[in-house]
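User: I'm new to this one and would like a friendly tour. Could you walk me through it, one question at a time?

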Amino acid sequence: MELFRGVNVDWMGKAKYFVTLSLLLLGIGWISIYYRVVVKHGTLYGIDFRGGTLVYVRFAGPPPMDKLRKGLEQAGLRNSTLQGISDTENLGSKNKNDVVIGLEQSGSDESLDTGKQKILGVLETTFGNSSAGLPDFNSVSTSDLAGDLTRRDPLLLGTNAGDRYNQLAQHLTAARDSDYGGIVTNSDQLSHVQGVTPAVIQTLARDYTLGGFTIRDAEIVGPRVGSQLRHQAVWATLYALGGMLVYIAFRFEWVYGAAAVIAVFHDVLITLGFFSLFHYEISLTVIAALLTLVGYSMNDTIVIFDRVRENLRLMKRESFPEIVNRSINQTLSRTILTSGLTFLTVLVLYLMGGAVLRAFSFAMVVGVVVGTYSSFGIAAPIVVVWNKYHGGRQQRMTVRAGSAAEKRVVAAARR
Amino acid sequence: MNAQLKWKFVLILIVLLLCIFGVIGLPTSLAQLRENVADRIHLGLDLKGGSHLVLQVQLQEAIGQHCDETVDELTRQLHAKNIGFGEIRRVDDTHILVRNIESTSTSAFRDLVNSQFPDWTISPAAGENNGYELTMKPSVIAEIRQTTMNQTLETITRRINALGLTEPTIAFTGRSDDEILVQLPGVGDPTAAKEVIRAGGQLQLVRVVDGPFSSEPEALAKYGGVLPPGTAILPGRSESAGPSQTTGPVYYVLDKAAIVTGQDLRNADAGPSPDSPGGYEVDFKLSTAAAGRFGTFTEQQAAIGGRMAVVLDRQVYEAATIKSRIEDSGRITGGFSEQSAQDLALVLRAGALPASIKYLEERTVGPSLGADSIREGVRASIVSMIVVMIFLVIYYRLSGVNAVVALILNLMILLACMAYLGAVLTLPGIAGVILTIGMGVDSNVLVFERIREELRNGKVAAPAVDTGFDRAFLTIIDTHVTTVVSAIFLFLFGTGPVRGFAVTLVIGLIANVFTSIYVSRAIFDYHLSKMDRQAQLSI
């Protein structure tokens, strides 16, 4: 099977449309960022970078938002935010009962986890049934459960039954966490678990309550850490880009390196704009996604540049824009295939990868498209424009591409 | 098949076997296979669930403490050497001001500082007559910071190990020189562990000079506003008050120098308190050397009806009259519950922190979220891999199978290297894996498209494959080296998640060069050696 054969498009002739499109995308995205940050005094940063407290709760039933909001207000947490995350519902998880409670950084120098403890307190008093004085099965740890079971010995194993109960506790918590998403509503749900007998169920039902909520994730980031992580992420990325620029400049010419880096910047800026438009927050995982798209876009650009370098040697008569056009057309088939397949991969991840990967895969979905486009839409035109004003057909480069070192590499590969 | 090709396949087979062994070991049953994989592929907290804490060591405290000790020691020495002076004052954590030294003794003073206090540089204080300023040397400050950090790390490690938590990580964060990272897999509620980590654990047994007073000013007033040298006022709870009564704090005047400190402990244990039913106490035993010292002290004090205080983290827990000689044991009471007594005993056994700590970051991933992330991540990866592979086979036919083999081997090598290196797979690491797969697909596509081009240009199978690989080789090297260069920078300058990304990426890309060029080429060569020279290539 073969698609895209013998394509002949004048890409460089359309460069001005590409630039217009890019400026448009950049404009829309950054106006949205401006609106969010400057006008609404919001932030693009997630908790990792801005600091604060975030508690991710799963309820057994539909979350009683009003009651929760009231409880938080009564506890003096007026500046807390409540967000149901059913809107991030996906193919994978059918649970619509998740709520994220956010709390901004408090200015005072109180203990780091004050906010979290207050939120937990509200949840406990509003929705907990700890009044019975029994521990909650939905929040018990495996080791505590194992200890408890060993003490009560529902299987009547006598002494030295620790290992058996350890295993049993592991099976029980695994069933709770994997099969029921962390929240068991009826102890009979556990009857299918390996090693469980009616006596165990009875013990559990008698000695444990089944709380109406479970904490899925709790994050507290101090202000110092937030700014530190921000700095580090930015600098690591800039160093990485610098490294790429130097390598490409060494292998090609510096203008190729500069063009590739500008294209990558363009991709990151547009992706950030989309983040703002679609109300995603920038977290550490998103940084990883941005780095991935940097790598991906760079890869795409180099493939085209590589072909340009090769064609410069083969095509002595054509103009530079023609050579670039030809190179893009020649690699188009691979570009579309690779991008298409990568796009497919991240799309599956976006649809099925779960809530934690949502922002990450969103960045990738946008990034793959923008990264592919920028290779021929931005990076290549920059080199062409540069070439128009400086130097003719770049003979120097041809020489360098055919250097002795390179021939050795090729020869080694052939061997 | 020629000999060279044969060796290529032998090498590939060895790599494959090493990888399989690296990931699954030598299992004898399906259950064991699962266990082996879980053992070898280390999952990060974000996938496994657990608590992640970052704490900051208050290094200034340790430096300030050294300054305080120097002030005390210098005062003592000046008295001993009969060098008259007006005042010794700590200016800040690293500076001491000594004023109005007798003009006849200034050289003796300088000699004393230079010979006995090598940690300090001495200089005339500005605007002072016969006044000197001592400044802590930068090398000493650096050394104090370093030893404080190391001691803190060791102490926290001992405490966490004593808590019996599995596979904890305790390390410097690397992003700032005063931070320590503690990761506790499987711990859903870090509150208890946090308390144990944070407890100062500085135990002192000291002589009581006077007290109790109901307030600090009252204590000071008794001495006319100036405490006797070598003493300090510390808060404590009222002696007569039981654990439930809250009579407010009381204050004692105590010796600064302790007779016995936490370092002299041989052991500490929690047990029920005989005095208060239902209450708990911590009993401790002293080392032999300390026991001798303590015995002499208590004997002297018993004769004159002296008192002694148990001070924990600069708080008086108990102050009692010494009735007789005490050899090597003591106890701390103070309304402990069973749990808090056990925690304190653990902290005392593990040793004191050299400086207090403050939490900067706390993340807890519940086990159900981790389980969901793994399940959803793995399922998404498998589905997308299958889609990609089906497409490759449809589009490139037999050559597509070739690419699929290369991709699978690439993943195997990646997983095996992570297992061998003990690297941790995190969510950002999965991002690295995705980029690896993307570039793996790309490498194959590059080669195949090149071969197709050569075929279109009229070449027969063998030379077309040859040229295709050669041409694509340079491109693949360029794209991969560029990305590896960036990943190395990310590893050097990034932390935590960014590093996890970089590690998987570097391993994946190196594996990719091997599979998409070496392995894929070998399979092609094998095909070519079997088929007729003019036959069509399935691509």
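User: How far does helix α11 of chain A reach from its first C-alpha to its last?

Analyst: First, a heads-up: this is a predicted model, where local features need pLDDT of at least 70, side-chain atom pairs count only at pLDDT 80 or more, and totals for chains, interfaces and linings use all residues. Residues are numbered from 1 along each chain as its sequence is written, while chains are lettered from A and ligands numbered from 1 in the order in which they are written. Helices (H or I, at least four residues) and strands (E, at least two) are DSSP runs numbered from the N terminus, and α11 of chain A covers residues 320-352, 33 residues in total.

User: Where does α11(A) bend?

Analyst: The bend is the angle between axes fitted to the seven residues ending at a residue and the seven starting there. After the helix comes A:Gly354, with a positive phi near 85°. The bend itself, about 50°, is at A:Leu332.

User: Which residues touch the most other members of the largest nonpolar core?

Analyst: A nonpolar core is a set of buried Ala, Val, Leu, Ile, Met, Phe, Trp, Tyr and Cys residues joined through C-beta atoms within 7 Å; buried means 20 or more other C-beta atoms within 10 Å of a residue's own, with C-beta atoms placed from the backbone. This core holds 190 residues, and the ones touching the most other members are A:Ala260, A:Ala363 and A:Ala380.

User: How many residues does each chain bring to the contact between them?

Analyst: Two residues are in contact if their C-beta atoms, placed from the backbone, lie within 7 Å. On the side of chain B that touches chain A, the largest share is 17 residues, from α11(B). By class, that side has 36 nonpolar, 17 polar and eleven charged residues. In total, the contact takes 64 residues from chain B and 70 from chain A.

User: What distance separates the centres of domain 1 and domain 2 of chain B?

Analyst: Bounds here come from an automatic or database domain assignment, which gives chain B domain 1 (3-49 + 366-530), domain 2 (60-141) and domain 3 (199-362). Taken over C-alpha atoms, the centres of domains 1 and 2 of chain B are separated by 65 Å.

Technical notes
Buried ≥ 20, exposed ≤ 12 C-beta atoms within 10 Å, placed from the backbone. Expected span 1.5 Å × (residues − 1). Nonpolar A, V, L, I, M, F, W, Y, C, P; charged D, E, K, R; others polar.
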